[in-house]
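Hello,

Here is the structure I promised to pass on. My notes follow below it.

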Amino acid sequence: MAKHGLLVHTQGQGYSLGPLASRVGLLALDRAPLIGRADPVMQILSEQVHETSTLSVWSGSGPLVARVHDEQSRFIRISIAVGSTLPINTAQGQIFLAHLANERSVARATLGLSESERARLLDRCEDVRRTRIAFSDASADGLRCVAAPIYGPDGSLAATLALIGTLSRIPDHSGDVRVQALVKAARSLSTG
């Protein structure tokens, strides 16, 4: 199964879904009610704030990008491929990490991080749960992301909604109108 992309072996952690299984899962997600409800909300959000919006679901080891709405009015667009699994230190990853229920899931999600990076992310979890916002660290490529949780009918985390842009366009604080628009959009998609 690993040879065909259905599973990926992670040393010391066992197996998780591989790229082919993730793609099949995305096909099933196309039929999920959240995805259908998210499309128009993401389009309005992207048009309102002039940034790319993404919807991610948990893949077992990281956020899996399920939908993307590129901001269409800009000459240069920032995008991410649907089906990409994002690192745990992204804004989307931090939201999921803050909501993981057990130590085994946390260990799998943070595998490969240095002890200091793992500790830094785990230290942020309480703040992420309280504020319901996460910001990515400024990266060497000049991009930043901000994410908010989408909760399901039972109150558990169902997905994340995020904005991706340049360091100069995406703020690193909750008071910005783009962040407030993101939070409002994520709340509108939450059912719990």
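This is a predicted model: local features need pLDDT of at least 70, side-chain atom pairs count only at pLDDT 80 or more; totals for chains, interfaces and linings use all residues.

**The sheet and its strands**

Thr54 has Ala162 as its bridge partner in β7. β3 and β7 run antiparallel and are joined by five bridges. Helix α2 packs on the sheet, where it touches β3, β4, β6 and β7. The direction of α2 makes about 60 degrees with that of β4.

The sheet itself is open and has five strands. Their order is β4-β3-β7-β6-β5, with antiparallel pairing. β4 and β5 are the edge strands, each pairing on one side only.

β3 also pairs with β4, in the antiparallel sense, over six bridges. Ser56 has its bridge partner in β4, namely Val65. The hairpin of β3 and β4 has four residues between the strands. There, Gly60 takes a positive phi near 105 degrees. Strand β4 covers residues 63–69 and is mostly covered: seven of its seven residues are buried.

**The aromatic pair**

I searched the whole structure for aromatic pairs, and there is one. Trp58 and Phe96 form it. The pair is tilted, with 40 degrees between the planes and 5.3 Å centre to centre. Trp58 lies in strand β3 (residues 52–58) and Phe96 in helix α3 (residues 91–99), so the pair ties together parts that are 38 residues apart in sequence.

Are the two partners buried or exposed? Phe96 is buried, because its relative accessible area of 4% is under the 20% cut-off. Trp58 counts as partly exposed, at 27% relative accessibility.

**Ser136**

Look next at the loop between β5 (134–135) and β6 (143–151), where Ser136 has its place. Ser136 is buried, at a relative accessible area of 11%. Its side chain reaches the backbone nitrogen of Cys145 at 2.8 Å. Which residues is Ser136 in contact with, leaving aside its neighbours within four places in sequence? They are Asn89, Thr90, Ala91, Gln94, Arg144 and Cys145.

**Helix α6**

Helix α6 takes in residues 177–189. Its 13 residues should span 18 Å at 1.5 Å a residue. The end C-alpha atoms are 19 Å apart, which agrees.

Asp176 caps the N-terminal end of α6. A side-chain oxygen of Asp176 lies 2.8 Å from the backbone nitrogen of Arg178. Arg178 is itself buried, as are Val179, Ala181, Leu182, Val183, Ala185, Ala186 and Leu189 in α6. What do the buried residues of α6 pack against? They pack against α2 (33–49), β5, β6 and β7 (157–166).

Most residues other than glycine have a negative phi. Two residues are worth a look on that point.

His50 is not a glycine, yet it has a positive phi of about 60 degrees. His50 is found in the loop between α2 and β3. At 34% relative accessibility, His50 counts as partly exposed.

Arg132 is a residue other than glycine too, and its phi is near 60 degrees, a positive value. Arg132 lies in the loop between α5 (115–131) and β5. At 41% relative accessibility, Arg132 counts as partly exposed.

Best wishes

Definitions and conventions
Residues are numbered from 1 along each chain as its sequence is written. Side-chain values use heavy atoms; hydrogens and water are left out. Rings of Phe, Tyr and Trp (its six-membered ring) pair if their centres lie within 6.5 Å; planes under 30 degrees apart count as stacked, over 60 as edge-to-face and the rest as tilted. Helices (H or I, at least four residues) and strands (E, at least two) are DSSP runs, numbered from the N terminus. Buried means under 20% relative accessible area, exposed over 50%, partly exposed in between (1.4 Å probe, protein chains only). Two strands pair if DSSP finds at least two bridges between them. A polar contact is a pair of N or O atoms within 3.5 Å; within protein, one must be able to donate a hydrogen and the other to accept it, and residues adjacent in sequence count only if both atoms are side-chain atoms. Contact means heavy atoms within 4.5 Å. The expected span of a helix is 1.5 Å times one less than its number of residues. Axes are lines fitted to C-alpha atoms, for helices over the stretch in contact, and angles run from 0 to 180 degrees between N-to-C directions.
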